[in-house]
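Opening the notebook on this one.

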Amino acid sequence: MEASLLIVGVNHRTAAVAVRERLAYADEEIVPALARLRGAAPALREAALLSTCNRVEVVAVAAEPAQAAEEVIRFLSSDRDVEQASFAESIYRFDGREAVRHLFRVGASLDSMVVGEPQILGQLKIAYAQTAEAATIGPILHRAFHKAFSVAKRVRKSTMIGHGSVSVASAAVTLANQIFDTLADKTVMLMGAGKMAELCARQLKSLGIESLLITSRTFDRAVAIARELGGTAVPFDSYKPYLRIADIVIGSLAATKPVLLAGEFESVVRERRYRPVFLIDLGVPRNFDERLNALSNVYLYDIDDLGQVVDKSRGEREREAEKAEQIVELEVESFWRWMNGLDLVPAIRDIRTSMERLREQELARHRGWLLELAPEERERVELVTRGLVNKVLHRILAGLRRREDALPDGAYAEIARRLLCDDLSAELGDADDSIDDDDDAV
């Protein structure tokens, strides 16, 4: 095979949030990063970058996967200014069939912290669009991503994996409900107005919270959510005074560094007269300084802590996940057959060209009596001979695709090309000589 699918990255299973946040990219950083990656990793033919709260992965196509993987790792280290040693034990690499399987499992939410959560498919579609914008996509990634989308759709349709599933946002709300006996008399401040923040707000509202404050750098978005849910929008540049009345603060901002710092928050704790405050940090990179947890009556949970909440509701979804895994395996085989067929394309093209030349040559040798036929009869002869060529090519292609893997990839295609094309070329040469002689005789 001339090229292979390659995935290099870290996720919530291999790396703590402290590692993931240092490698993470904001949405607006992805397209420029792909341009830099293309220059830094010449072994890559195509490349996509997926960065979410639970994973940072480069999905690529390369002829030499080992070399390309090393280039990707060096790029991540340099581009994020992170020593390779700090994430060397967390990095994983998949290539070939395993990379296909991993991509399909990610899209189907089988590799998520919350099995069955729907957000990852949307994030994968965004990554695909960013790759197209960066012009780092080619035919293999195009087909791989679209196949991943269809696999996810089939899994959703054929299993109950999404039934009763919880998102990271709903897990955060569940955790908040466990910390306090009731949320009815609590004030919640939501920092961020994106999709995850909106999910949090809706679920908190359903639990009957007394007051909902929403702040965001995009104030219009905060106003829209607050108006719909009966909350209060707070301008981002003046949210800090409101912290003293917030019992629960949920961070879901796209930030490169913490926005709530331990030193600044000490005064908030004092103003609250040390009443408990619950902080849930959904951001990657993290929104809240991890040293906040050391303050009196401050309880800080980050996205990795939510995994413990998710574990309690995993049983039913994992039973459905077994069915989903079977679907993924079938689709992996289907995609892999397509990948294996790529090395046949040049050979089939050469064989088709040679056979078409032979067909035309044979028709030319019999042009005398063909010219005596009616136009519709000559057209019928043309169709019959073209059909014969297509049937022979179909049998050749089917035979190559059914081959055993006793020889290296591409070997069977090259053997077929040499046998058929070389033999046909020799025969065409002889035929050309005979036609020239005939023409001279005439």
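**Pocket lining**

I sorted the residues lining the largest pocket and got 22 nonpolar, 13 polar and 11 charged. For that sorting, Ala, Val, Leu, Ile, Met, Phe, Trp, Tyr, Cys and Pro are nonpolar, Asp, Glu, Lys and Arg are charged, and the others, Gly among them, are polar.

Ground rules for myself: the model is predicted, so local features need pLDDT of at least 70 and side-chain atom pairs count only at pLDDT 80 or more, while totals for chains, interfaces and linings use all residues. Residues are numbered from 1 along each chain as its sequence is written, and side-chain values use heavy atoms, with hydrogens and water left out.

I looked up the volume next: the largest pocket holds about 1,200 Å³ of space. A pocket here is an open set of points on a 1 Å grid over the protein atoms alone, where a 1.4 Å probe fits, with protein on both sides within 12 Å along at least five of seven lines; lining residues have an atom within 4 Å of a point. The volume is the space filled by probe spheres set on the points, which are joined across faces, edges and corners.

There are 46 lining residues, and D27, S252, L253, A254 and V284 come closest to the pocket centre. Which element gives the most to the lining? I find that α5 does, with five residues. Elements are DSSP runs numbered from the N terminus: helices are H or I with at least four residues, strands are E with at least two.

**Helix pair**

I checked α4 (residues 97-107) against α5: their axes are 8 Å apart, at an angle of about 120°. Axes are lines fitted to C-alpha atoms, for helices over the stretch in contact, and angles run from 0 to 180 degrees between N-to-C directions. The pair is therefore oblique, the class left after under 35 degrees (roughly parallel), over 145 (roughly antiparallel) and 65 to 115 (roughly perpendicular).

On the α4 side I see L103, V106 and G107, which meet I120, L121 and L124 of α5. That contact (heavy atoms within 4.5 Å) has five nonpolar residues, one polar and no charged.

**Sheet**

I traced six strands in an open, parallel sheet, ordered β7-β6-β5-β8-β9-β10. Pairing takes at least two DSSP bridges between two strands. I count four bridges from β6 (residues 211-216) to β7, and T215 has V234 as its bridge partner in β7.

Last entry: α9 (residues 219-229) lies across β6 and β7, at about 165° to β7.
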